[in-house]
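Here is a guided walk through one protein chain. Keep the sequence and the 3D view side by side as you read.

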Amino acid sequence: MVECRQVFCHIEQHGEIRNEGRKNHSQFGWGNAEKKEILTTPEQYAKAAEQALADGYDAIKVDVNEIDLEGRAKKRNLYGCFARRDLLVGYERLKAIREAVGDKIDIIVEAHALTDTTSAIEFGNMIEEFRIAAYEEPVMALNPGQLKQVKDGINIPIAAGERVYTRWGFRPFFEDHIIDLIQPDLGTCGGFSEAKKICDMGHIYDTTCQIHVCGGPIMTAAALQLECAIPNFAIHELHRYALLEGNRVTCKYDYLPVNGKYQIPDLPGIGQELTDKSIAESPKETVK
């Protein structure tokens, strides 16, 4: 059995797996995967966190900066030395969350690389008091030097990796001890073999792993297989996309957590198959 965490957020849509159910970033509300509910006030974020706790989750992921007070995404400038007034919006949301759930839930703060180095460091120092489990993509992860500058300027573990590719891409982050929680994506990092090598390489440097799962039932099954075969597994990500009915019906097996845990698929391959309907409706090419 693999423990499962979920996240609640508004801008992105994934989650961690460590306890039962679903994982919408809480900025999109909690509960109904088919309907996004844009959260703006600290009270709304706190309520979503309480709902996640009631559903059995012990971790949430949330982007508290992407949505402004009017419910618009990516409309604020979070760059530079004059962003504190905007960063205080995210600060107040996180404060409300922590006060609502106490120490019963870990909080992962997703940043989607929307802040520059200066603001990322400032915000990291602002939110340290809320005992943040990980600070995800505070700046673009393809620039190791900038992410190291953030790492050196704060006291919160760094999570990143969905936009880093192959062992060679991850190498400087390991050697300079920049990323604490790596998040390779099976679909882009180089596939199963490469992802396994990345995770094993990270284990040498005391780096834990959460496979990036921004997809449906195929990616879920694949990630579960890899996570049960590595020594440094931390949490599993349950994305909102995996809960959408239109995605769930494309495959024969609907792997979702029960009572906080996933059952690892034990069927051939990754333990997943497309339905006959999905195959029939898919474009086909004949290769001779």
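Y135 is buried, with a relative accessible area of 0%. The cut-off for buried is under 20% relative accessible area, so Y135 falls inside that class. Keep in mind that this is a predicted model. Y135 sits in strand β4, which spans residues 132-136.

What does Y135 touch, leaving aside residues up to four places away in sequence? The list is V109, A111, A120, F123, G124, I154, I156, P157, I158 and A159. Take I154 from that list. I154 and Y135 are 19 residues apart along the chain, and their C-alpha atoms are separated by 9.9 Å. A120 is also on the list. The side chain of Y135 reaches the backbone oxygen of A120 at 2.9 Å.

Now step back to the whole chain. It has nine helices and eight strands. There are 288 residues, and 54% of them count as buried. Consider the contacts with a separation of 6 or more: residues 24 or more positions apart account for 64% of these.

**A buried lysine and its partners**

Is K61 buried or exposed? K61 counts as buried, because its relative accessibility is 0% and the class takes in everything under 20%.

Which side chains does K61 meet in polar contacts? One is E136, at 2.8 Å. Another is E237, at 3.2 Å.

Q183 gives another case of a buried side chain with a polar partner. Q183 lies in the loop between β6 (181-182) and α6. Its relative accessible area is 1%, so Q183 is buried. The side chains of Q183 and Q210 are joined by a polar contact of 3.0 Å. Q183 can also be placed against I198, 15 residues away along the chain. The two C-alpha atoms are separated by 10.0 Å.

**Helices α2 and α3**

Turn to the helix pairs. Helix α2 covers residues 84-101, and helix α3 covers residues 117-127. Their axes come within 10 Å. They cross at roughly 35 degrees. The crossing of α2 and α3 is right-handed.

Which residues make the contact? From α2 come R84, L87, L88, G90, Y91 and L94. From α3 come S119, E122, F123, M126 and I127. By type, the residues of this contact divide into seven nonpolar, two polar and two charged. An α-helix has 3.6 residues a turn, so residues three or four places apart point the same way. F123 links back to the opening: F123 is part of the α3 side here, and F123 is also among the residues that Y135 touches.

Look at the loops on either side of α3. A113 is in the loop between β3 (106-110) and α3. A113 is not a glycine, yet its phi is positive, at about 55 degrees. With 14% relative accessibility, A113 counts as buried.

R131 is found in the loop between α3 and β4. R131 also has a positive phi in a residue other than glycine, near 55 degrees. Is R131 buried or partly exposed? R131 is partly exposed, because its relative accessible area is 45% and that class lies between 20% and 50%.

**Helices α6 and α7**

Finish with α6 (residues 191-204) and α7 (residues 217-227). Their axes are 11 Å apart, and the helices pack at an angle of about 40 degrees. The two are therefore oblique to each other. Their crossing is right-handed. In the contact, F192, A195 and K196 of α6 meet A222, Q225 and L226 of α7. These residues divide into four nonpolar, one polar and one charged.

How many of the residues of α7 are buried? The count is 10 of 11, so α7 is mostly covered. The buried ones are P217, M219, T220, A221, A222, A223, L224, Q225, L226 and E227. What covers them? The cover includes α6, α8 (245-248) and β8 (261-262).

Notes:
Residues are numbered from 1 along each chain as its sequence is written. This is a predicted model: local features need pLDDT of at least 70, side-chain atom pairs count only at pLDDT 80 or more; totals for chains, interfaces and linings use all residues. Side-chain values use heavy atoms; hydrogens and water are left out. Axes are lines fitted to C-alpha atoms, for helices over the stretch in contact, and angles run from 0 to 180 degrees between N-to-C directions. Helices (H or I, at least four residues) and strands (E, at least two) are DSSP runs, numbered from the N terminus. Angles under 35 degrees count as roughly parallel, over 145 as roughly antiparallel, 65 to 115 as roughly perpendicular and the rest as oblique. A crossing is left-handed if the near helix is turned anticlockwise from the far one by less than a right angle, and right-handed if clockwise. Contact means heavy atoms within 4.5 Å. Ala, Val, Leu, Ile, Met, Phe, Trp, Tyr, Cys and Pro count as nonpolar, Asp, Glu, Lys and Arg as charged, and the others, Gly among them, as polar. Buried means under 20% relative accessible area, exposed over 50%, partly exposed in between (1.4 Å probe, protein chains only). A polar contact is a pair of N or O atoms within 3.5 Å; within protein, one must be able to donate a hydrogen and the other to accept it, and residues adjacent in sequence count only if both atoms are side-chain atoms.
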